Amino acid sequence: MEDFFYAGGLPVVLKELLPLLHRDAPTVTGKSISENVADAKNHNPDVIRSLAMPISGEGGTVILKGNLCPDGAVLKQSAASQQLLTHRGRAVVFEDHADLHARIDDPNLAVDESSVLVLKRVGPKGAPGMPEWGAAPIPQKLLKQGVKDMVRISDARMSGTSYGTVVLHVSPESAVGGPLALVRNGDEIELDVPKRTLALRIGDDELARRRAAWTPRPPHFARGYGRLFLDHVLQANEGCDFDFLRGGTPVRLEDTAGPSHA
């Protein structure tokens, strides 16, 4: 970040990106984007590259689709391991964050470096709040063997400074019955980043049977703001916004009050 600052910082980045932006769009300064950065100078082209000299030919993140994420999932390919960008492995499933915390370092956990770690119920409604739990830790017994990365899949987020082959924002999330909720230990999962796909390798009939048998957990909250959040938060692919802020029916706080406990 210090190098970035001395190279010219964000104004230089915006100036380099002007050909891709609505350069005349007004900003809070009262000037357009292009006017704001007109005097920006790039003092270190090795730190802030031009459009003609990108670090890579593609963006840092990709959107995946497939029967495991019908509404999409996100992977930060710039932080992933090249050898894992195409991968098939058996699922090791954690039903929620508490389950992950309790079992990830169990020496008897049935996991190897080819496994795919699957973490459920950490999305907008499941956690709730879609916390930065997506970068699940590597099991301790594999770390001792020198394993530094594994494919990990969840409906959570991760920090922008995290790294690894981590699939995030799986939509619909598991807490609402998305396909992630139906994954079981031993299921084969295929990740193909060049093709932008993420697939659960089981038959449609088996998937339908599991879906018919699935039931949601009781909600985290029965009243108040917690209930309002659970009732109205949208999925990750819709921005985790409240549905009533999208022009829907107004919500009254008394609608979320629940029974009196006085």
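Which residues does Ile-153 touch, not counting residues up to four places away in sequence? I looked this up first, taking contact to mean heavy atoms within 4.5 Å, and I found Leu-68, Val-116, Leu-117, Val-118, Leu-119, Val-167, Val-170, Leu-180, Ile-189 and Leu-198.

I note that this is a predicted model, in which local features need pLDDT of at least 70 and side-chain atom pairs count only at pLDDT 80 or more, while totals for chains, interfaces and linings use all residues. Residues are numbered from 1 along each chain as its sequence is written, and side-chain values use heavy atoms, with hydrogens and water left out.

**Nonpolar cores**

I took a nonpolar core to be a set of buried Ala, Val, Leu, Ile, Met, Phe, Trp, Tyr and Cys residues joined through side-chain atoms within 4.5 Å, where buried means under 20% relative accessible area, exposed over 50%, and partly exposed in between (1.4 Å probe, protein chains only). The largest nonpolar core has 27 residues, and those touching the most other members are Leu-64, Leu-75, Ile-153, Val-167, Val-183, Ile-189 and Leu-198. Two or more residues come from each of several elements, including strand 1 (61-66), strand 2 (69-76), strand 5 (151-154) and strand 8 (197-200); here helices (H or I, at least four residues) and strands (E, at least two) are DSSP runs, numbered from the N terminus. Strand 2 gives the most to this core, namely three residues. Apart from this core I found another, of 15 residues, with Leu-117, Ile-138, Val-147 and Met-150 among them.

**Salt bridges**

I then turned to salt bridges, each a side-chain nitrogen of Lys or Arg within 4 Å of a carboxyl oxygen of Asp or Glu, and the structure holds 16. In one of them the side chains of Arg-88 and Glu-190 meet at 3.2 Å, N to O, linking strand 3 to strand 7 across 102 residues of the chain. Arg-88 is partly exposed at 46% relative accessible area, whereas Glu-190 counts as buried at 17%.

Lys-120 forms a salt bridge with Glu-95, with the closest N and O atoms 3.4 Å apart. I noted that Lys-120 is buried at 3% relative accessible area, while Glu-95 is partly exposed at 29%.

Arg-184 and Glu-206 also meet in a salt bridge, at 3.9 Å, N to O, which joins the loop between strand 6 (166-168) and strand 7 to helix 6 (residues 204-213). Both are partly exposed, Arg-184 at 44% and Glu-206 at 24%. Finally, I saw that a network of salt bridges links Arg-184, Asp-187, Glu-206, Arg-209 and Arg-210.
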